[in-house]
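Open the model in your viewer and keep the selection tool at hand. The stops below are meant to be taken in order.

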Amino acid sequence: MSAVDLRQSAGVTLLTSDDPEPVEIVNRDGSSEFVLTCEHAGNVIPALLADMGIEERHRRRHIAWDIGAGNVARRLAELLDAPLVLQNYSRLVIDCNRPLLAGDSIPVFSDGTEIPANRDLDSGARRARADEIHAPYHDSITALLDDRSSANRPTALISVHSFTPLLEAAPEPRPWDVGLLFNRHRSLADRTRDALHRENDRLSLAMNEPYFVSDVDDYTIPIHGEKRGIPNMLLEIRNDHIESESGQNDWAELIARALRNVAPEY
């Protein structure tokens with residue numbers, strides 16, 4: 001299917017009854033003060049977009065999703081008894097951790113790979129992706145946090161991600177094991193760094209690496225964390241550590257042990 005066909009087939013409605021729901025909520029009423037999100041948990045592509053014009057190997061790469069992050073988040077939710085909101089569609093369809101006006105909200109290129117299905121999208125096709133994937137995901141987080149606020153439940157927000165140790169387009173090694181990202185409020189990130197070091201002092205921990213949080217390039221932390229004034233951070237785990245089920249379990253258990261010893265400041 002050509003890129004033109006892919007764009008035309010999207011029309012003004014994207015998802016069909018055969019497509020999975022864009023949002024999954026796990027353990028909604030969990031007892032933990034932590035609320036977990038995972039914006040890049042899945043690499044599902046809506047049926048109407050077929051393969052988006054890219055090879056399967058690219059649909060399995062970090063450009064399509066955060067490898068291992070979804071399963072780490074699920075295990076963390078279980079270990080902490082924390083609610084978790086996951087987004088199932090590929091970030092190549094629409095990136096749910098980007099403002100809709102961000103240049104890479106619907107990327108035409110990602111780490112050196114062109115995404116033909118995203119070229120020259122009209123406003124209807126872009127709006128369908130926003131309305132049917134981006135909005136339901138963030139509406140679910142808003143509803144969950146609103147309910148906790150109404151019940152006067154202390155809440156800290158953690159957005160779970162993974163990063164590739166080496167970008168193809170900029171092959172400088174990214175040597176860290178974990179990145180703890182923040183913008184205006186760094187207390188939770190600092191406390192988590194210290195707790196992780198107590199668990200394993202050999203870890204390479206970085207603050208605001210390999211990215212940093214901003215209002216321009218991020219969505220979940222600025223909108224759901226900072227605007228509410230609740231403790232927040234974005235957790236980035238090196239994805240070659242969590243490609244396997246055993247790695248996912250090991251890292252979830254390590255992070256859970258650390259977080260049990262973190263007392264967010266409210």
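The tour visits several charged pairs and then a histidine.

This is a predicted model, in which local features need pLDDT of at least 70 and side-chain atom pairs count only at pLDDT 80 or more, while totals for chains, interfaces and linings use all residues. Residues are numbered from 1 along each chain as its sequence is written, and side-chain values use heavy atoms, with hydrogens and water left out.

**Stop 1**

Side chains of opposite charge can pair when their charged atoms come close. The structure holds 21 salt bridges, each defined as a side-chain nitrogen of Lys or Arg within 4 Å of a carboxyl oxygen of Asp or Glu. Select Asp147 and Arg28, whose side chains form one at 3.1 Å, N to O. This pair links distant parts of the chain, 119 residues apart: Asp147 is in helix 4 (residues 123-150), and Arg28 is in the loop between strand 1 (23-26) and strand 2 (34-38). Helices (H or I, at least four residues) and strands (E, at least two) are DSSP runs, numbered from the N terminus.

Now colour by accessibility. Buried means under 20% relative accessible area, exposed means over 50%, and partly exposed is in between (1.4 Å probe, protein chains only). Asp147 is partly exposed because its relative accessibility is 43%; Arg28, at 30%, is also partly exposed.

**Stop 2: Asp215 and Arg184**

Next select Asp215 and Arg184, which meet in a salt bridge at 2.4 Å, N to O. Asp215 sits in the loop between strand 8 (205-207) and helix 6 (220-226), and Arg184 in the loop between strand 7 (178-181) and helix 5 (187-199), so the bridge ties together parts 31 residues apart in sequence. Asp215 has a relative accessible area of 40% and is therefore partly exposed.

**Stop 3: along helix 5**

Move to Arg193 and Asp190, a salt bridge at 3.4 Å, N to O. Both residues lie in helix 5, three residues apart, about one turn of the helix.

**Stop 4: His138**

Finally, return to helix 4 and select His138. Its relative accessible area is 4%, so His138 is buried. Which residues does His138 touch, not counting those up to four places away in sequence? Show Cys96, Tyr219, Thr220 and His224; contact here means heavy atoms within 4.5 Å.
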